[in-house]
Amino acid sequence: MFRNYLKIAWRNLKKNKGYSAINIGGLALGMAVTLIIGLWIEDELTYNDYFTNRDKIAQIFQSQTFNGETGTGPAIPRPLEKALRDGFSDNFKHLVMSSWNNSQYLNYGEKSLSKTGNFIQREAPEMLDLKILEGDKDGLREINSIMLSESVADALFGDEDPIGKVLKVNSQYDMEVTAVYEDIPINNSFNDAQFLMPWEKYITAQDWIKDASDNWGNNSFQMFVQIADNTTMEKITSKIKDIKKNLNPDSAEFNPQLFLFPMGQWYLRGDFENGKQVGGRIRYVWMFGIIGAFVLLLACINFMNLSTARSEKRAKEVGIRKSVGSQRNQLINQFLSESFLVVLLAYCLAILIVLLSLNEFNDLSKKVISFPWENGIFWLSSFAFILVTALVAGSYPALYLSSFRPVDVLKGTFKAGPYAGLPRKILVVIQFTVSVAFIIGTVIVMQQINYAKNRPVGYDREGLVQIPTMSQDFIGKYELMRSEFLNSGAVVELSTSSSPTTQIWSNRSGFDWEGKPEDFQEDLAWTEVSPEYAKSLNLKIVEGRDFSREFATDSNAVLINQTAKKYMGLTNPIGILIKDDDKENPEPPLKIIGVVEDIIAQSPYEPVKQGLYVFDKEGNGNYYNLRLNPKQSASQNLAIIERVFKEHFPDIPFQYDFVDDKYGEKFASEQRIGTLSGVFTSLAILISCLGLFGLTSFVAEQRTKEIGVRKVLGASAFSVWNMLSKDFLKLVIISCFIAIPISYYIMNGWLQDYPYHIILKWWIFALAVIGAMAITILTVSFQAIKAANANPVKSLRTE
């Protein structure tokens with residue numbers, strides 16, 4: 001019987017090729033969008049699944065309160081390690097201290113690479129269950145050992161056996177390769193760990209790290225743990241949350257609270273606001289999941305509308321089948337079989353669309369998603385997906401068509417009632433409500449991105465280049481390199497800074513100044529800079545003066561930004577001394593000599609942070625900031641800079657970044673979301689237009705004789721066009737009135753996540769309405785004009 005149903009369904013598809021193409025094409029587009037979004041969501045939800053111990057691994061997070069505002073992050077003090085090992089060792093299977101991910105120069109023979117990795121304790125490879133390809137999993141037991149990822153080992157050693165080879169790190173340490181591990185996938189929080197070196201090497205490298213061993217106020221480290229099998233993260237959190245203020249009473253004023261943050265939540269639920277977890281990228285998972293569901297719904301609505309619109313053409317078929325004994329459930333099965341066949345064909349076409357577009361989607365979304373050919377769960381899910389889609393798309397037409405009475409149909413008295421078209425009109429309204437809402441949402445997202453992009457950054461990004469200088473080779477060579485670069489003609493100004501222009505790497509507290517309010521808990525961004533910093537960035541000095549080498553006292557001078565002036569409550573800041581409130585070993589006070597215009601060093605969607613720019617006495621910053629010669633091309637300047645760089649640092653890879661590009665990366669996530677939303681919105685509109693085109697074709701076909709009579713009686717082409725178009729335009733206008741308040745509510749809530757955001761203007765919604773009207777007119781007009789210009793003789797010849 002089912003075979004017979006499919007045979008009849010195939011004949012009907014062949015008989016009505018145009019409508020079949022619209023149905024299959026629309027469903028294929030909807031299913032392709034849903035498939036791609038499903039693959040993207042699956043990639044998001046399986047982030048960090050590479051680690052077999054994911055459910056037991058966590059990072060120690062800390063919340064602290066400054067002036068009534070609670071900040072949360074993974075930075076913790078070194079003494080916490082000893083406290084947890086001594087008092088809570090039974091709760092942890094592994095406890096691992098780690099540096100932040102940082103870049104190091106790796107040299108072997110004539111090969112030199114800059115790679116990112118971590119100094120980490122020896123238990124890390126076992127905790128993360130790294131897949132060791134060569135060597136020993138306990139590869140960090142010796143202080144001069146290093147573990148490399150597969151790709152780094154191949155780049156350095158080629159076909160040579162890397163185990164036992166000695167390479168130089170940062171032209172400073174000789175490190176022996178003890179293991180090679182499989183590259184960690186891109187959808188993983190440790191993807192940038194291209195090498196691992198012993199924690200013991202890190203803590204003996206610099207004095208400030210050594211001194212931090214008993215300093216509870218230095219939150220410059222991070223800690224990962226794997227909990228024991230007999231406990232939970234909630235239980236451990238309840239035990240350790242107050243450990244810092246219990247062991248270090250001086251920190252009690254900041255109310256530090258420690259907790260375990262599970263690995264499964266790092267990526268999707270990593271946002272905190274005033275000490276509370278508020279989500280994160282999970283909102284995008286929900287957003288695109290809803291978009292996928294709605295796009296598929298639009299395609300299903302097309303199928304419903306076109307199937308029920310052609311009901312009169314199949315009425316006799318239903319009547320005859322019922323008169324010869326077919327039961328209603330048999331007719332429902334027949335129409336559902338037709339729906340199943342259409343959906344199956346559409347799904348095959350959808351897979352082809354996905355395969356053709358997956359590479360472009362990966363480039364757009366910065367993913368590495370492959371089609372899961374060998375995944376049995378995927379194919380089972382696909383079969384369920386096809387069945388559910390066939391039921392959703394085919395249930396209403398099946399119930400509607402199978403309800404016809406054979407007596408009325410076979411007598412020729414069957415006519416669709418005055419309200420027969422109401423469900424179709426409701427479905428069209430739903431379609432365009434969704435489409436208009438998508439248009440409004442996409443416009444607002446792009447407006448917000450452009451608004452932040454156009455925000456004044458406070459310095460001149462054009463022609464500004466930064467070069468990392470974190471190797472020991474750069475120490476003491478700033479004055480030499482400054483002279484060399486300036487004399488080369490490629491650079492007009494050069495400075496150093498302890499952090500890149502587009503980031504803040506250090507924050508400090510523990511200061512006192514005249515007029516400081518009581519109980520004020522300051523939190524100031526701290527950047528050490530050479531005297532030429534403001535000139536190289538073209539910073540504007542709004543009060544006071546810039547650093548000068550002519551004044552010996554400037555070695556203890558400081559510039560503050562406008563936000564810091566307001567934050568510190570200073571009316572006349574010039575000459576104010578910022579003192580270290582450490583009573584035992586106070587550093588010399590810093591004298592404010594100037595106020596600079598605020599610059600955006602963190603998120604362009606957030607307020608500028610209060611910051612200090614401190615005179616760097618040594619000139620040993622982590623970055624050179626170079627202002628290129630505007631009279632030469634960038635490529636000419638960079639070629640000269642590279643030549644000069646290699647003359648002095650032949651073993652170090654020449655690396656540089658345009659500050660303009662680094663600043664642009666701050667918009668990357670929102671830009672991708674906006675672009676993807678735009679693509680899916682365009683497809684949603686296309687699917688809606690396909691359905692509208694099919695309905696218009698059917699209406700024009702159904703009213704062929706009426707149009708012929710009207711033309712014979714003198715009706716103009718415009719009046720015929722107006723007759724066919726106005727009903728659809730009314731439905732789109734209704735859709736707009738529904739979509740606008742819904743979109744306003746949703747997008748206004750989304751904008752509240754950004755302190756620096758646009759104000760929703762009326763023209764955004766007006767633009768969406770005009771766009772929807774224009775799209776409707778264009779879609780309807782093709783068939784309406786074709787019908788209006790048809791020869792009435794041909795349509796009336798049978799009368």
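Visitor: Is Asp-660 buried, partly exposed or exposed?

Guide: Please keep in mind that this is a predicted model. A residue counts as buried under 20% relative accessible area and as exposed over 50%, with partly exposed in between. Asp-660 has a relative accessibility of 31%, and therefore counts as partly exposed.

Visitor: With which residue does the side chain of Asp-660 meet in a salt bridge?

Guide: The general idea is that side chains of opposite charge can pair when their charged atoms come close. Here the partner of Asp-660 is Arg-461, with 2.7 Å from N to O. The two belong to distant parts of the chain, 199 residues apart: Asp-660 is in helix H21 (residues 659-664), while Arg-461 is in the loop between helix H16 (422-453) and S15. Arg-461 is likewise partly exposed, because its relative accessibility is 21%.

Visitor: How many salt bridges are found in the whole structure?

Guide: The search gives 26. One of them joins Arg-281 to Glu-44, with 3.1 Å between the closest N and O atoms. Arg-281 sits in the loop between S14 and helix H11 (282-309) and Glu-44 in helix H2 (residues 17-45), so this pair ties together parts separated by 237 residues in sequence.

Visitor: Are Arg-281 and Glu-44 buried or exposed?

Guide: Both Arg-281 and Glu-44 are buried.

Visitor: Which parts does the salt bridge between Glu-493 and Arg-482 tie together?

Guide: The side chains of Glu-493 and Arg-482 meet at 2.5 Å, N to O. Glu-493 belongs to strand S16 (residues 491-497) and Arg-482 to helix H17, so the bridge ties together parts that are 11 residues apart in sequence. Glu-493 and Arg-482 are both buried. Salt bridges can also share partners, and one network formed in that way joins Glu-479, Arg-482, Glu-493, Glu-532 and Arg-549.

Visitor: Which residues gather in a patch of negative charge on the surface?

Guide: A patch of this kind is made of residues without a salt bridge and with over 30% relative accessible area. In this model the patch consists of Asp-250, Glu-253, Asp-512, Glu-518, Asp-519, Asp-581, Asp-582 and Glu-587. Let us take one member as an example. Asp-581 lies in the loop between strand S22 (577-580) and strand S23 (590-596). Its relative accessible area is 36%, so Asp-581 is partly exposed.

Visitor: Let us turn to the backbone. What is the value of phi at Asn-170?

Guide: Phi of Asn-170 is near 55 degrees, a positive value in a residue that is not glycine. Asn-170 is in the loop between strand S8 (166-169) and strand S9 (173-181). With a relative accessibility of 6%, Asn-170 counts as buried. Asn-274 is another case: it is not a glycine, yet has a positive phi of about 55 degrees. Asn-274 is placed in the loop between strand S13 (271-273) and strand S14 (276-279). Asn-274 counts as partly exposed because its relative accessibility is 47%.

Visitor: Which residues are in contact with Gln-226, leaving aside its neighbours within four places in sequence?

Guide: With those neighbours set aside, the contacts of Gln-226 are Asn-53, Lys-56, Ile-57, Phe-92, Lys-93, His-94 and Met-127. Gln-226 is part of strand S11 (residues 222-227). Its relative accessibility is 4%, so Gln-226 counts as buried.

Visitor: Where is Thr-469 found?

Guide: Thr-469 occupies the loop between strand S15 (464-468) and helix H17 (478-488). Thr-469 is buried, because its relative accessibility is 4%. Apart from neighbours within four places in sequence, Thr-469 is in contact with Phe-474, Gly-621, Asn-622, Tyr-623 and Tyr-624. The C-alpha atoms of Thr-469 and Ser-498 are separated by 9.6 Å, and these residues are 29 residues apart along the chain.

Visitor: To widen the view, how many helices and strands does the protein have?

Guide: There are 26 helices and 26 strands. The protein has 799 residues, of which 50% count as buried. Among contacts with a separation of 6 or more, 78% involve residues 24 or more positions apart. The accessible surface is about 37,500 Å², and carbon and sulfur atoms account for 55% of that area.

Terms used:
Residues are numbered from 1 along each chain as its sequence is written. This is a predicted model: local features need pLDDT of at least 70, side-chain atom pairs count only at pLDDT 80 or more; totals for chains, interfaces and linings use all residues. Side-chain values use heavy atoms; hydrogens and water are left out. Helices (H or I, at least four residues) and strands (E, at least two) are DSSP runs, numbered from the N terminus. Buried means under 20% relative accessible area, exposed over 50%, partly exposed in between (1.4 Å probe, protein chains only). Contact means heavy atoms within 4.5 Å. Accessible areas come from the Shrake-Rupley method with a 1.4 Å probe; for residues, only the protein chains shown count as cover. Patches are made of residues with over 30% relative accessible area and no salt bridge: like charges are joined within 9 Å, nonpolar side chains (Val, Leu, Ile, Met, Phe, Trp, Tyr) within 5 Å. A salt bridge is a side-chain nitrogen of Lys or Arg within 4 Å of a carboxyl oxygen of Asp or Glu. Lys and Arg count as positive and Asp and Glu as negative; His and the chain ends are not counted. The place of a charge is taken as NZ of Lys, CZ of Arg, CG of Asp or CD of Glu.
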